[in-house]
Amino acid sequence: MLRFNMALLLAVMLCSLGVITAQHKARKLFQALEAEQEHARGLDVEYGQIQLELSTWATHPRIEKIARERLKMQTPDPAKVVVARESSPRGGGGAK
Amino acid sequence: MKPHKYTESPVLHLKLDAWRSRAIVVLLMAAMVSLVGRSFYLQVINNDFLQEKGESRYRRDIEVSASRGRITDRNGEVLAISTPMKSIWAIPSDVKLAPDQSRALAQLLDLEQRELNRKLATDRNFVFLQRQIPPDAADRIAALKLPGIHQEKEYRRYYPSGEMTAHIVGFTGVDAKGLEGVELAFQNQLEGKNGSRSVIKDRRGQIVEDVGSIKPPQDGRDIQLALDGKIQYLAFSTLKQTVTDNAAKAGSVVVLDAKSGEVLALANWPTYNPNNRERLSGAQLRNRAVTDTFEPGSTMKPFTAALALEKGKFRFDSLINTAPGKLTIGTATISDAHPHGVLTLAQVIQKSSNVGTAKVAGTFAPKEMWEMFDSVGFGKPPRLGFPGEVGGRLRPYAHWRPIEQATMSYGHGIAVSLVQMARAYSVFATDGELLPLSLTKLPPGPVTGTRIFSPQTVQEVRTMLEMATQPGGTAPKAQVPGYRVAGKTGTAYKIENGVYARKYVASFIGLAPASDPRLVVAVMIDEPSNGRHFGGDVAGPAFSRIMAGALRTLGVPHDAPLNSNLQVAQVVAEPEGM
């Protein structure tokens, strides 16, 4: 009888130690998860900021200014434009 | 008393009444029962209070904030975006700052030290020190670990395209609710719903475990507008230039996709910068294209012509005598800017004869004319979803006098907004169908409208409108190299205090390419006062620039030989181009 009780006691001890370890591991994992989620939120915020920055750099007035002034680009003279038509019959297609 | 043994103690020999001991037992039992009862009550029956108290020792409810949706143009370019900022607030009575701490804080807050001290020297127990500062500055403030200084996450809305799209996008207030434009119109979709979760936090403030249910935050939906950033820029910059060149008071441009009814561009001048809204005037804030009405003038004439063709009363080449350039109805006289002789119906539109149009309108019953106006959307809001949309003024036909019917045929005595006018012109851009307008990008596919005119009528009116932009018409300056353009000028007097003043609204509304219209562009310039006031001179060139750029942006194939229009379009033509 005594031996049986001792065995039960040992089993209880082992189980409770197991519970403690499991709980500890769960908390560790949970914290890691939290950290990752925080990281994800941070990246999300950064994405928004980068998107904002992108659209600030890519505003049309700025692009036009750079194209015209720094790169010396201009709208092509309509007379120099050649229009290639796709759907016209074979041989007859092509440019104006 | 002499000593005695314990067993001989007289106390033991006292004979007390039996009820006394029983009474003690009963009292003790009663006390125990009441204790057990009380604890049963607290633990089992009414345990909410204590459980709550217990939980509050370790459980925290935290709010998970959701962000507001973005607004983008049809190509995904961002027009409005929220980014988290921190607001720094203080409980002044808790704040004890050493001089160097105070200096560091003031610097991080971008405040004068004196200003900071003034803010803290209040007896209120809550004061914002600085709202919406960048997160990294807020982190550095948090690292100072100052007592009584706290921070809070807030979202700030940015509008990268600024004044260019101010009227269409609108803006939000400090509480992140839409106040104007799309921000207000789509408030329900854009708004995010904050979530919440209950957690257990440990001593260091780290979250250890989730308890109870988690309510996930719902971020606001992104709204993709029909707006095309490039066309919007083109429309805005051209409008700005035109208003400045003509010393005008204001102006608006609307660009519609003729196939789908999408609003590709909508610009007004004057405008404002939605990122910095200090000292705004009503004139800057007004989305004129939608909320202001004006008497359109001659741009109304094609509708009169279309009705005449539709009812079979006139043909394309029916002759109308407009000599001597004056027509008296009742006590009023209608006159043409330049007198003409006998004109065909097409020429009446091409040369924009008021007399001719009034004569055509004289053959209509008031009811059929009213029905036509009503069917193309005049007199009722275009239902774009914008705040403050107006329907204009279209009086009931029962009270029309003949002179009113005559003036309405060429666009006076009736008031419309520019958006309404642009939409009505889409009838001539389709096969006679009026399309519903859309601010948001539509899935590809045909859009069904309401049939107003027959394809035959529309074809003929479009030819008339094309004649107006050709030599002999009122708007040769509205031509676009490489495309056939159809359109109509408008030069209307403005009403001030009930009488027509010598002030004008110059407008041009047109469509291109005329062989298969893709775009409707409407330009309106309010009070041009630099010598020129005719729609063809003021609004025509602006139309041409916007249309040319937009068609090129969209890659619409040319439908006219490039060289024929070139001489008109290029003021100083390059020799090798001819």
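Mentor: Domain bounds here come from an automatic or database domain assignment, and the model itself is predicted. On that basis, chain B is divided into domain 1 (62-224) and domain 2 (229-273 + 285-577).

Trainee: What makes residues of domain 1 of chain B and domain 2 of chain B count as being in contact?

Mentor: Two residues are in contact if their C-beta atoms, placed from the backbone, lie within 7 Å. The contact takes 18 residues from domain 1 of chain B and 16 from domain 2 of chain B. On the domain 1 side, α6 (166-169), α7 (181-185) and β8 (223-224) of chain B each supply at least two residues, and the largest share, 4 residues, comes from α7(B).

Trainee: How is E527(B) classed, and why?

Mentor: A residue is exposed with 12 or fewer such atoms, buried with 20 or more, and partly exposed in between. Because E527(B) has 18 other C-beta atoms within 10 Å, E527(B) is partly exposed. Its phi is also positive, near 55°.

Trainee: What makes these phi values worth noting?

Mentor: Most residues other than glycine have a negative phi.

Trainee: Which residues does a cis peptide bond with omega of about 0° join?

Mentor: That bond joins A323(B) and P324(B); P324(B) is found in the loop between β11 (319-321) and β12 (326-329) of chain B.

Definitions and conventions: Residues numbered from 1 in each chain as written. Chains lettered and ligands numbered in written order. Predicted model: local features only at pLDDT ≥ 70, side-chain atom pairs only at ≥ 80, totals over all residues.
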